[in-house]
Amino acid sequence: MLGLGLSLVNFALRGHIIARVKDKKSQAALFALVTMTANLGSAIGPLASNYIYKAFGQTLFVIVIVGLYVFSALLTPIVLTHHVFIRNEKSSKENTSSIVKTITDSLKSPGTVLAILAVFVGSIMNGQLFAGMALEFHSLSDSPVIRGLFYSIDAISVIALQMPVSKLISRGMANGQNATSFIIKSLGIYGISFALFACGVSSYWWICIIALVVFSIAECIYAPLINIALVEAQPDKPLVDILNYRLIIAAIGESAGSFLGGWIVPALRPAGMTAWYWCALALVGIIPAVVSNQIGKRGKRIIRR
């Protein structure tokens, strides 16, 4: 049920933004706000819920949680525009499609394949936060305070960095860069964070904290742009189908990333070899970013000539 709720919220909210806002820079800014708000909730939620549960008991805790969801459900139809068409305002047999056909057609376009691969690899990178990185960090210290810093640092870093990073993205888009190019850059930053994490997993928890902040920078780039990148790569395809298979790609990638981290890290930990895992992931992220950067520079040289 939790997965169904998350899918519905992601689909409806992101579809609403893309359908109502046509400017790519404005879309990126709104998606950045969504990411920042979600991380704000991630930072406040555990602290507030633990306090309410311990101070007032289970009954009041459940009442507050249910009340928040009811309030959100009542507020949504009031503040959001009604009758937003995420397929086509004039639906007919000619302009409807299927997700299978959209995916099949997508594989025929090199630009779309690149966007899909970038989103997929990024989702694998993102999935490390919830499994491999958490397991590593918790094994570095017996202190509950230091262990508790893990998710808080990521959430607080995203809140603090999202707007400055979004300004840089908007400036880049104004200069002609597309969302896919930024996502590939985020892969490189994920790679740098994993390289730092590899240096810290031996015993230096403070290096791991630096790695988490760098990870958050990558997240600030990746998370707001994944929908824009896929829609941008195939603007003629039905938005509803693109959003659907974006959720599928992200779900498969994050599940694979979490599985790999949750399986390989405990297997390598006793031998002290987990740094090799993080170094391998670092290369997976850094190599595409470097190659893409070199291709971009070469293309600019050709244009100048």
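## Nonpolar surface patch

Helix H9, which spans residues 205-233, supplies the largest share of the nonpolar patch, namely three residues. The model described here is a predicted one, and the patch in question lies on the surface, where Leu149, Tyr204, Trp205, Trp206 and Ile210 together have about 480 Å² of accessible area.

Trp206 is found in helix H9, and because its relative accessibility is 47%, Trp206 counts as partly exposed. Leu149 lies in helix H7, which covers residues 144-174, and with a relative accessibility of 30% Leu149 likewise counts as partly exposed. The C-alpha atom of Leu149 is separated by 9.5 Å from that of Phe137, a residue 12 positions apart from Leu149 along the chain.

## Overall architecture

The protein has 11 helices and zero strands, so the order of elements from the N terminus on reads α-α-α-α-α-α-α-α-α-α-α. Of the 305 residues in the protein, 38% are buried.

Helix H5 comprises 18 residues, 110-127, and the distance from its first C-alpha to its last is 26 Å, which is close to the 26 Å expected at 1.5 Å a residue. Which residues of H5 are buried? They are Thr112, Ala115, Ile116, Ala118, Val119, Gly122, Ser123, Ile124, Met125, Asn126 and Gly127.

Pro224 is found in helix H9, the helix that also contains Trp206. Whereas Trp206 is partly exposed at 47% relative accessibility, Pro224 has a relative accessible area of 1% and is therefore buried, the cut-off being under 20%. Although Pro224 and Met36 are 188 residues apart along the chain, their C-alpha atoms are separated by 9.6 Å.

## The salt bridge

A search of the whole structure finds one salt bridge, in which the side chains of Arg269 and Glu136 meet at 2.5 Å, N to O. Arg269 lies in the loop between helix H10 (239-268) and H11, while Glu136 belongs to helix H6 (residues 132-140), so the pair ties together parts that are 133 residues apart in sequence.

Are the two partners buried, partly exposed or exposed? Arg269 counts as partly exposed, because its relative accessibility is 28%, whereas Glu136 is buried, with a relative accessible area of 0%.

## The second largest pocket

The second largest pocket has a volume of about 470 Å³. Its lining is made up of 15 residues, of which Gln177, Ser181, Lys185, Ser292 and Gly296 are the closest to the centre of the pocket.

Which elements give two or more residues to the lining of this second largest pocket? They are helix H8 (179-200) and helix H11 (274-304), and the largest share of the lining, six residues, comes from H11.

Note on methods: Residues are numbered from 1 along each chain as its sequence is written. This is a predicted model: local features need pLDDT of at least 70, side-chain atom pairs count only at pLDDT 80 or more; totals for chains, interfaces and linings use all residues. Side-chain values use heavy atoms; hydrogens and water are left out. Helices (H or I, at least four residues) and strands (E, at least two) are DSSP runs, numbered from the N terminus. The expected span of a helix is 1.5 Å times one less than its number of residues. Buried means under 20% relative accessible area, exposed over 50%, partly exposed in between (1.4 Å probe, protein chains only). Patches are made of residues with over 30% relative accessible area and no salt bridge: like charges are joined within 9 Å, nonpolar side chains (Val, Leu, Ile, Met, Phe, Trp, Tyr) within 5 Å. Accessible areas come from the Shrake-Rupley method with a 1.4 Å probe; for residues, only the protein chains shown count as cover. A salt bridge is a side-chain nitrogen of Lys or Arg within 4 Å of a carboxyl oxygen of Asp or Glu. On a 1 Å grid over the protein atoms alone, a cavity is a set of points where a 1.4 Å probe fits but cannot get out, and a pocket is an open set with protein on both sides within 12 Å along at least five of seven lines; lining residues have an atom within 4 Å of a point. Grid points are joined across faces, edges and corners, and a volume is the space filled by probe spheres set on the points.
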